[in-house]
Amino acid sequence: MAQEPCPPGAETPAQHSAATPAPVELSDLATLKALAQPRRQRMLQHLTLHGSATSATLARALGLNTGSTSYHLRELARYGFVEETEAGRAPDHGPDHGHGRERWWRAVPGDRRFPPRSRQSAEMRHVMDEFNHHAYAADLELFEQFQRVAAETGPWADAFPYSRGIIRLTLPELGAFFEEYIALLNRYKRPEAETPAGARTVLTRFLAFPGELAVTNAISLLREEKVEKIATTPARLVTKANADTAPLYCPSDGL
């Protein structure tokens with residue numbers, strides 16, 4: 001989606017100079033397991049969206065008990081995903097903020113990356129698959145929640161830039177494409193003190209994969225289930241249950 005030009009003299013986030021975080025690969029299985037725990041993902045999501053919180057705040061927001069949230073916060077802190085923050089009263093926090101006996105936590109920002117699938121063990125792949133399953137579901141839920149209340153958000157009701165595309169790339173080019181995307185995100189990041197009052201937290205997601213391989217793998221899975229035919233027709237979902245009666249999509253000798 002094209003961006004509107006800035007008014008004369010206006011400063012964009014891209015003009016800020018900020019230190020770019022160095023990428024950190026999470027190759028330790030215990031660290032990945034700690035991050036992949038579904039409740040911890042929900043807690044990290046809350047801290048990212050709403051700022052620092054206590055175990056009691058998280059418990060109320062997520063429908064958990066404080067013993068559980070306290071334990072998960074300690075585990076997240078153990079692996080560097082959250083850290084304690086000063087309990088000074090902030091205007092965007094609730095009345096509980098600042099109680100001396102409470103421990104306040106914030107998400108630790110960073111450029112964290114996962115090992116390439118070719119370097120993942122079977123157990124690590126299982127952990128990553130579970131992590132991605134929960135992460136994608138949480139992203140979709142957040143998107144649908146915003147859609148439902150978008151009409152109540154004023155000008156932000158139009159805040160749905162969306163793009164789908166197809167490009168032909170080599171593997172090194174895809175890596176370079178991803179790094180340029182990360183660099184663009186870093187250009188628009190700025191310290192909290194420099195963020196204007198009208199700014200909101202905007203969630204961005206990047207997903208790219210080879211389309212041909214996805215189709216090939218789907219066909220392979222159907223072969224393993226001994227499905228004799230697969231096909232696709234407009235507005236019709238072809239499944240194992242109806243594959244034998246669906247029109248042919250592939251040549252008869254292709255399965």
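Visitor: What covers the buried residues of H3?

Guide: Look for the elements in contact with them; in this predicted model, the cover includes helix H2 (38–50) and helix H4 (66–78).

Visitor: Which residues of helix H3 are buried?

Guide: Within H3, residues 55–62, the buried ones are Ser55, Leu58, Ala59 and Leu62. Seen down the axis of H3, they fall within an arc of 105°, so they line one face of the helix.

Visitor: What happens just after H3?

Guide: Gly63 follows there, with a positive phi of about 70°.

Visitor: Let's turn to H6. How many residues does it have, and how far does it reach?

Guide: Helix H6 covers residues 171–187, which makes 17 residues. From first C-alpha to last it reaches 25 Å, close to the 24 Å expected at 1.5 Å a residue.

Visitor: Which residues of H6 are buried, and where do they lie around the axis?

Guide: Tyr181, Ile182 and Asn186 are the buried residues of H6. Viewed down the helix axis, they fall within an arc of 140°, so they too line one face of H6. The face turned away from that buried side carries the exposed residues Pro172 and Glu180. As for the cover over the buried residues of H6, it includes strand E4 (111–113).

Visitor: Why does Asn186 count as buried?

Guide: The general idea is a cut-off: buried means under 20% relative accessible area. Asn186 has 13% relative accessibility, so it counts as buried.

Visitor: And what does Asn186 touch?

Guide: Leaving out residues up to four places away in sequence, Asn186 touches Thr20 and Pro21.

Terms used:
Residues are numbered from 1 along each chain as its sequence is written. This is a predicted model: local features need pLDDT of at least 70, side-chain atom pairs count only at pLDDT 80 or more; totals for chains, interfaces and linings use all residues. Side-chain values use heavy atoms; hydrogens and water are left out. Helices (H or I, at least four residues) and strands (E, at least two) are DSSP runs, numbered from the N terminus. The expected span of a helix is 1.5 Å times one less than its number of residues. Buried means under 20% relative accessible area, exposed over 50%, partly exposed in between (1.4 Å probe, protein chains only). The arc is that of the directions from the helix axis to the C-beta atoms. Contact means heavy atoms within 4.5 Å.
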